[in-house]
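Dear colleague,

Please find below the structure that I am handing over to you. My notes on what was found in it follow directly after.

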Amino acid sequence: MPRFKPYNYSQLQMVPVALDEQLLSGTLEHAIHYLVEQRLDLSIFDARYANDDTGCRAYDPKVLLKVILLGYARGLLSSRRLERVCRENIVFIALTCGQAPDHSTLAAFVSSMPAEVPALFAQGLLVCEQEGLLGGTHFSLDGLKLPANVSKDSSGTFAELRYKQQKLEAKVREALHEHRQADHTEATEPVAERLRHQRRVARLRRQAERIEKFLATHTPRAGVRGVEIKSNVTDNESAYLKSSHGIVQGYNAQALVDAQHQVITAAVATGVAQDFQQLVEVLPAAQQTAQAAGLGADYYRGKILSADSNYHSERNLLAAEAAQLDAYIPDTQFRQRDVRFASQRRHRPPQRRQRLRVEDFHYDAVRDHYICPQGQHLTLKAARHRSGTGWARRYKATRAKCASCPVAAQCLQRNAAARNLLIPLAGPPATRAATASRRMVAKIDTERGRRLYQRRLAIVEPVFANLRAHKGLHRFTLRGRAKVDIQWKLYCMVHNIGKLMHCSTALN
């Protein structure tokens, strides 16, 4: 028989550990330790402590910040998981010098610093500038739509929420009726079944009362077009978002990225689903961050800004012009005008029928109607309608007229029950070219515009891939825009520290 060395897990072993030797040079934990200890000024937290003479000693904010940053870098968003690794993981033990803050301390520290996190983010950005990581010439903007710590089932318009409340109250009455019926029978209900029934009734009643209280204390939310959008009983600052991973209830996290080393220069989390008004939110925040970092209030003036076609709107483009940015934000049809994509039509299935054009509609000047080839009348619905390429007159047919049309597949829009005909407003060329959208269309169609815009994908998309796939940011764990914005800025700080670790000799 072979002989092996015996082993026994039921024993204790003393292992000497030098804490400073666990933070190896060239690792992210060493970069976080050096940055917090040497380069960041955390005296901004001193005002929140009043235990100079009396009271228990508090955990040093440096220790808590190190735990949070390294935990986020490893995808640990839960404060309870952070508490556990502070007791079991040798790297976290080395960062905290053997201290083990509990989950309530860590959670309170994160959620209570809306004023300190922007200052910390600006200090980290200043370190990136000092280490030569910022190019300062081309910036790219994009967003990441992530679910929040809230359920979609708690969302709806006020009418939908009132209907849910009525259904819950009906279920409570039905459950109580069943309970009374069981009391009149001779069969004795088991104790466990009775308790389960009581807990169910109490849960349904709490849900109904919660919705009732929300409807009594809040007003309907209005979207950008003035139409009511879905509210959420749990976190009404979150939004009903359409993302690449389906419909989520969460926040739209925006990041402005420098082209040289993909450093995030501005980070803002908003509860607005659409991107066509995000530039108005991001630009003031970016300018404030640059000023707080000592880069100057005019840091972005004259710089190149690129963003995808979701940001193409008159409001965003006017904001970029007001900030004197050299913006490149194409409209949704720019690829159809790009000569480089002229051959893409060969990959499409052949169209059997020629689609109708505006010239195929006859104009009745007496009644101000347009008549389609099938004799249906399109009436004027808007004398001045803002389209993607400027102002136009909008004519529309009714659903009943278009539903049974034999040439509906050849009409103006696919899969639309009623057709819209847009007639560009007549006028001098200077008037038609006065919109920011038309100016951007002419700008993006130039050779320089196409060349600069094609860099956007390589600048900003790897940043979100790093945050989601490598850093494990799949959802926000806090509620309320202010707290979610803290978590988003901390994650962006982790990303920037990673760039410092790879590109700076001081942090290695």
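The radius of gyration is taken here over C-alpha atoms, and the globule rule is 2.2 Å times the number of residues to the power 0.38. By that rule a compact globule of 508 residues would have a radius of gyration near 23 Å, whereas the chain has 30 Å. Please note that this is a predicted model, in which local features need pLDDT of at least 70 and side-chain atom pairs count only at pLDDT 80 or more, while totals for chains, interfaces and linings use all residues. Residues are numbered from 1 along each chain as its sequence is written, and side-chain values use heavy atoms, with hydrogens and water left out.

Overall form

Along the principal axes, the C-alpha atoms of the chain fill a box of roughly 95 × 85 × 70 Å. The chain contains 17 helices and 15 strands; these are DSSP runs numbered from the N terminus, with helices (H or I) of at least four residues and strands (E) of at least two. Of the 508 residues, 43% are buried, where buried means under 20% relative accessible area, exposed over 50% and partly exposed in between (1.4 Å probe, protein chains only). Among contacts (heavy atoms within 4.5 Å) with a separation of 6 or more, 69% are between residues 24 or more positions apart.

Cysteines

A search of the whole structure finds zero disulfides, a disulfide being a pair of cysteine sulfur atoms within 2.5 Å. Cys86 is in no disulfide, and the nearest cysteine sulfur, that of Cys97, is 12 Å away. Cys86 counts as buried because its relative accessibility is 2%. What is the closest cysteine sulfur to that of Cys128? The closest one is in Cys503, at 9.2 Å, which is too far for a bond. Cys128 is also buried, with a relative accessible area of 0%.

Two local sites

Ser154 is placed in the loop between strand E1 (138-147) and strand E2 (155-156). Is Ser154 buried or exposed? With 15% relative accessibility, Ser154 counts as buried. Leaving aside residues up to four places away in sequence, Ser154 touches Leu161, Arg210, Ser231, Asn232, Val233 and Thr234.

Just after H10, Gln324 takes a positive phi of about 60°.

Yours sincerely
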